[in-house]
Amino acid sequence: MKLIVLPGDGIGPEITTATLAVLDAAADRYGLVLEIDQHDVGHVSLAKHGTTVRPELLDRVRRADGFILGPTATFDFKDESKGQINPSKFFRKSLDLFANVRPARTYKGLKAPVGAFDLIVVRENTEGFYADRNLAQGAGEMLVTPDVAISLRRITRLCCERVAHAACALAARRRNHLTVVHKANVLKIADGMFLDICREAATQYPGLHVDDVLVDAMMAHVVRHPARFDVIVTTNMFGDILSDLTAELSGSLGLGGSLNAGQEHAMAQAAHGSAPDIAGQDIANPASLILSAAQLLDWHGARKGEPRAVEAARGIEAALSTAIEAGHATRDLGGRLGTAEFGRSIAEFVGRV
Ligand code: NAD
């Protein structure tokens with residue numbers, strides 16, 4: 001299995017190194033042959049190549065079986081004409097990675113202040129309020145006068161349908177419960193369409209129970225009783241915000257795994273950003289990117305009929321749970337290990353569980 005690895009900015013290189021240690025252990029334990037091809041993106045690439053993401057990387061990731069993108073300092077990248085392209089947008093848009101799958105669950109050994117839960121947020125990933133990807137050309141955000149700004153939100157039937165089906169299919173393999181999160185009481189046309197399409201898609205999955213919650217109320221419901229949710233489907237920005245909350249409720253934003261999946265390609269990418277406040281200190285939690293890499297193995301294994309990749313994904317998840325239960329964790333989880341040490345601990349458990 002060939003993987004392209006792009007470590008990114010801030011804590012990206014540290015959590016990527018820890019992730020590669022775990023993948024290496026999983027390859028040994030489950031008999032996978034992993035070929036890793038690593039390249040720069042973000043600030044390092046901008047300094048070396050004059051662009052945060054070289055176009056040739058697109059061909060490389062197209063030819064690979066999957067790729068891992070570390071977090072990048074997107075807030076710094078303001079002007080595409082100066083090579084400051086958001087790598088995340090670049091790959092999601094170029095490869096049409098329409099479903100962003102973000103699981104969150106509680107772990108034995110960690111406090112669960114809102115109770116135990118196990119849910120997945122499925123977020124539409126290619127349009128919505130994300131101005132840098134919701135137009136064919138140009139950006140959906142403009143300054144009309146120095147004091148008037150407009151941001152466009154695009155919602156299309158196709159994008160709603162495909163993310164709805166991705167979420168329904170996932171729910172059908174889990175507890176058969178889909179919750180649509182929206183704001184159709186105000187955005188009656190766009191979110192009304194999203195809600196209708198999700199409900200329509202769900203009729204094709206026998207036994208699937210569907211309900212819906214307004215996005216503002218969702219912030220209360222998911223904190224009050226997260227165990228009532230199984231798979232949640234929502235539009236791009238709502239899903240981005242909600243999934244940071246669900247990751248933090250599970251123990252830490254550093255547990256937020258995330259897979260960006262399309263029909264042909266998938267990108268593992270932690271749910272969080274480059275965390276400049278803790279970069280270079282060996283304290284970031286690498287679990288988010290490790291779990292994302294496990295999601296990528298699972299996606300690849302299921303698609304290509306390679307059970308060893310699927311087993312390796314389960315093995316990594318089990319090793320993380322075992323490590324946490326044994327009290328091996330970074331400080332965001334209440335532990336005392338550094339990033340590299342936590343990675344090594346998970347890698348050791350991969351060999352044993
Ligand atoms: P952030 O997600 O980087 O950090 C938010 C908080 O969570 C910080 O306190 C940080 O220390 C903590 N945190 C994040 N990941 C952690 C981890 N693995 N372990 C422990 N703690 C962790 O959000 P931000 O600070 O608002 O953004 C920083 C930069 O990242 C910005 O340039 C932003 O645009 C960018 N960003 C990139 C992505 C991406 O590449 N996918 C996503 C979100 C934000």
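Of the 19 residues around the ligand, those that come nearest are Thr74, Gly273, Ala275, Asp277 and Asn285, where a residue counts as near if one of its heavy atoms lies within 4 Å of the molecule. This is a predicted model, in which local features need pLDDT of at least 70 and side-chain atom pairs count only at pLDDT 80 or more, while totals for chains, interfaces and linings use all residues. Residues are numbered from 1 along each chain as its sequence is written, and side-chain values use heavy atoms, with hydrogens and water left out.

By class, the shell around the ligand comprises nine nonpolar, eight polar and two charged residues; here Ala, Val, Leu, Ile, Met, Phe, Trp, Tyr, Cys and Pro count as nonpolar, Asp, Glu, Lys and Arg as charged, and the others, Gly among them, as polar.

| Residue (backbone atom) | Ligand atom | Distance |
|---|---|---|
| Phenylalanine 75 | oxygen | 3.0 Å |
| Glycine 273 | oxygen | 2.7 Å |
| Asparagine 285 | nitrogen | 2.8 Å |

Taken alone, the ligand exposes 810 Å², and the protein buries 70% of that; accessible areas come from the Shrake-Rupley method with a 1.4 Å probe, and for residues only the protein chains shown count as cover.

Helices (H or I, at least four residues) and strands (E, at least two) are DSSP runs, numbered from the N terminus. Threonine 330 counts as buried because its relative accessibility is 0%, buried meaning under 20% relative accessible area, exposed over 50% and partly exposed in between (1.4 Å probe, protein chains only). Its side chain and that of aspartate 332 are joined by a polar contact of 2.6 Å; a polar contact is a pair of N or O atoms within 3.5 Å, and within protein one must be able to donate a hydrogen and the other to accept it, with residues adjacent in sequence counting only if both atoms are side-chain atoms. Leaving aside neighbours within four places in sequence, threonine 330 is in contact (heavy atoms within 4.5 Å) with residues including Ile283, Asn285, Pro286 and Phe342.

Phenylalanine 342 belongs to helix α11 and, at 0% relative accessibility, counts as buried. With neighbours within four places in sequence left aside, the contacts of phenylalanine 342 include Asn285, Pro286, Leu320, Ile324 and Thr330. Alanine 340, likewise in helix α11, is partly exposed, with a relative accessible area of 33%. The C-alpha atoms of alanine 340 and asparagine 285 are separated by 9.1 Å, although the two residues are 55 residues apart along the chain.

Another threonine, threonine 235, is found in the loop between β10 (231-234) and α8 (236-249), and its relative accessibility of 3% means that threonine 235 counts as buried. The side chain of threonine 235 makes a polar contact of 3.4 Å with the side chain of arginine 153. Beyond its neighbours within four places in sequence, threonine 235 is in contact with Arg123, Glu124, Arg153, Ile155, Val181, Asp191 and Phe194.

In helix α3 (residues 56-63), Leu57, Leu58 and Val61 are buried. These residues lie on the same side of α3 because they cover an arc of only 105° around the axis, the arc being that of the directions from the helix axis to the C-beta atoms. Among the elements that cover the buried residues of α3 are β1 (2-6), β3 (66-69) and α4 (87-94).
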